Amino acid sequence: MTTFMEDKMANGYSGKILKVDLTSGKIETIPTSKYESWGGGHGMGSAIFWDLCTDKTIKGTDPGNVVTIMTSPLSGTLAPSVAGRTEVQGIGIQAYPIGWFTRSNFGGRFSTQLKAAGWDGIVVMGKSPKKVWLNIVNGDVKLQDATDLWGLNTVETQEEIWATVPDSMKESGWLNLGESRDAGRTTQRAAVLTTGPSAEKFAPMAALVHDAGNGAGQGGFGGVFASKNLKAVSVLGTGGVQVANPDALMKARLWAKEYSFAGHSDSPDKYVGLIAFGSTPGQALSTTVDVAMGTKSRPQACVGCIRSCRGRTDNGKGNESSCVDFFWYDSHDVKAHGQITEATPRAADAMQAAGVNAFALEAATLWIEALFNQGIMGAGKKIDSSLPFDRFGSGEFAEALVNSIITQTDIGKELSQGVAQAAQAWGRLEMDTTSGILPLQEWGLPHHYDARTEVEWGYGSLIGERDINEHDFNWSVYWTPTINGLFGVTPVVSAKRLSEIFAKKTSPYNDPMMINYSDEGIYSEAMAKTVAFHRHYTRFWKQSMLYCDWAWADFVNPYGPDNEGMTGIGEQKFLNAVTGGNMTFEQGMETGRKIWNLDRAVWALQGRHRDIEQFTEYSYTTGAHPGTTTYEAPYVMPVFENNEWSFKSVAGRVLDRQKVEDWKTLFFKLEGWDVKSGWPTRETLAKLDLSNVADALEKAGKLGASA
Amino acid sequence: MSETILVAPLDAEQAMKILRHVEPTEALEAGILTPMAGTRPVRLFSLEEAERFLIIHDGSAIAQGGAWAKVNYVDPAHLATWVGDVLGDRALADELATLAATREPFGFLVPRIKSLVATRIEEANKVMGVVDLAAK
């Protein structure tokens, strides 16, 4: 493999990774250079997990589970929409029936503080004999007693920790870390990553929360933390990140500005929106909250980001919520009240304070509403509940539901163990995932976008281990044509032009048929290339370099030349400016493929086989027509039919079981995996410099047979 | 209020049916489209709820919402079917079906659908003797 950083580890990297063995209390350092070829973030996390988790078949709550919390060389720099994210990995406890080795990431300022403290990441191993929190102040690392923190919610926990990290040194808004002038000083508060109250009791539903509105929800890592008797990690740093070429970084940022609305704000009429990088910063919270509630807000961004996709409200309610924090309850609020009321931010605050996985909670809420409406759930019903269903849509109901989960009372007793797990406990899993009343698309997890229509999302989640939640294709192949269609606007980029842009920017595959979402296209080899590109791209550029999903990939951009976005050029431009290396986009893709293969090997050891890679039954039987429980329409996508490109609604489509199987075979062939099992082969692993992984798979009887 | 006039008069029984809250099994399925969260299904339990739910969106404002963009969506043809089959208002259902059949973009249809539905609710309210206090 190429050592793309070319001994530039001093630039962009702190050079060391913190290793904490909670069992023994031993704190050690791993030199980052040992994992240099993996880039950072997810790649380094997977490689460290491979080396340190000796038995990968254990459950996520086993003390042997290894959790990595990783930054990227771009963390804490001025590179746009990348610097603020942190990647969390380990064996998860949310997926069903197997808790796969999985990932989640979150924004904010944690990664920047970690870099400023001199660390590229944190590795947490073992289980502490007593409840602790990890306190990192630059190179000073301590495990501290968390007995008094254990029952606190995420807001209270952060406030308590802020009060103890080194409060005595506070002077005039500056925190001095020592008496010496050069001891370090900062105006920042510690960045804290914490679980909710007694998270071990609602473990699969438990998230990790940082500041307000930043959460790593998927995987149940809040529960994994709690199983290790770890309440929180706090980090405060006074250093910085060495950038190899600051001039190049600044020029790159100014170059990127031309691709964003910010670079064209003098002519807003040119704005065509609904794209990744170029969208208006700070606009949206105003349109969704202010009008209805009379609340004022100002844009809020993660470190270094131009998108400002969150908002700080003048009354503090729903502060910094984004995405499903806000949307897990707004539809119920709107239905009950005709518009967004205080119920939505109240629900967001309750969920975040409790540290509950918002996306799982959203799925649970839709499902229990359906069960109530069908007379199955409620007071005196088959599934007895005294929750105030008559006030469904109110803040009171939202808080009662969240409280039931974190106290394991009422229906929360079962829901606290996960949505699929609750369905199993109530004897409804097979029935409700067949009818689609509980649309857990794969691995017992809810999905953002539908496998039946937008297959790159569904396939990626199925062949992977979680709902991918990566909008790279989604912006251009679904949102833009769909919204344009709803409002009678001709898309700026035609379906044909879209196929040309994607072909140009999806190296190494470069196939214009990769965005053919026709009934034939979704089972094609080109769609296998789409999924392979997406998995490799995101494994490296987004999960390892940590480019944010709300800005990258930038395939299509109205401000770019011929509507082409920065992807393929921008990613490495920023990275090389920081590291001083000369990495190419394709080298990043190849590293992504290597990481993807390593992850696949871990899943194989955990029990993955192509035979269990099946979508839930409704995907094959029930279309998302109006009137069905999995209503998901309209869905306008690019199709190539009768030798012509066009945009067409594909809503209502169901998947063909045999064709999905045939597509899996195409995909496994493309990846160089055994088509019978879906396991990586020695030949493929050896080419990726992963012969040691092949040895481990062979020893476990999980090595794929070469073709 | 809208200037649209429906030709078919209502009697009290029809008006009551139009204004009723339907059973959960009869609810109208709608959805809120948001890039951040996909399509979230919403179940609407009355014609008044449906009218409130339909928002006259401006296409460019939606686009400028970026990741926070949000569209409240009800399939026009499905709405027409629901009004006819569940509420039993064939006249309104026919009017809505005619609009849906134009296959004009949803954003163009919403103002007309909303107006039509609001007018029908107003007519039903008058038949039922409900006084519009706000208008007074």
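Predicted model: local features only at pLDDT ≥ 70, side-chain atom pairs only at ≥ 80, totals over all residues.
Local features need pLDDT of at least 70 and side-chain atom pairs count only at pLDDT 80 or more, while totals for chains, interfaces and linings use all residues. Residues are numbered from 1 along each chain as its sequence is written, with chains lettered from A and ligands numbered from 1 in the order in which they are written.

Strands (E, at least two residues) and helices (H or I, at least four) are DSSP runs, numbered from the N terminus. Strand S1 of chain B spans residues 28-34. Seven of its seven residues are buried, so the strand is largely enclosed by the rest of the structure. A buried residue has 20 or more other C-beta atoms within 10 Å of its own, an exposed one 12 or fewer, and a partly exposed one a count in between; C-beta atoms are placed from the backbone. In a regular strand, side chains alternate between the two faces of the sheet. One side of S1(B) carries B:Leu28, B:Ala30, B:Ile32 and B:Thr34. The other carries B:Glu29, B:Gly31 and B:Leu33.

Strands pair if DSSP finds at least two bridges between them. S1(B) runs antiparallel to S2(B) (residues 38-44), joined by seven bridges. Three residues separate the two strands, which form a hairpin. B:Ala30 has B:Val42 as its bridge partner in S2(B). Three bridges link S1(B) to S3(B) (residues 71-73), also in the antiparallel sense. Here B:Gly31 is partnered by B:Tyr73.

In chain A, helix H24 (residues 691-699) buries A:Val693, A:Ala694 and A:Leu697. These fall within an arc of 100 degrees seen down the axis, so they line one face of the helix. The arc is that of the directions from the helix axis to the C-beta atoms. Exposed A:Ser691, A:Asn692 and A:Lys699 lie on the face turned away from the buried side.
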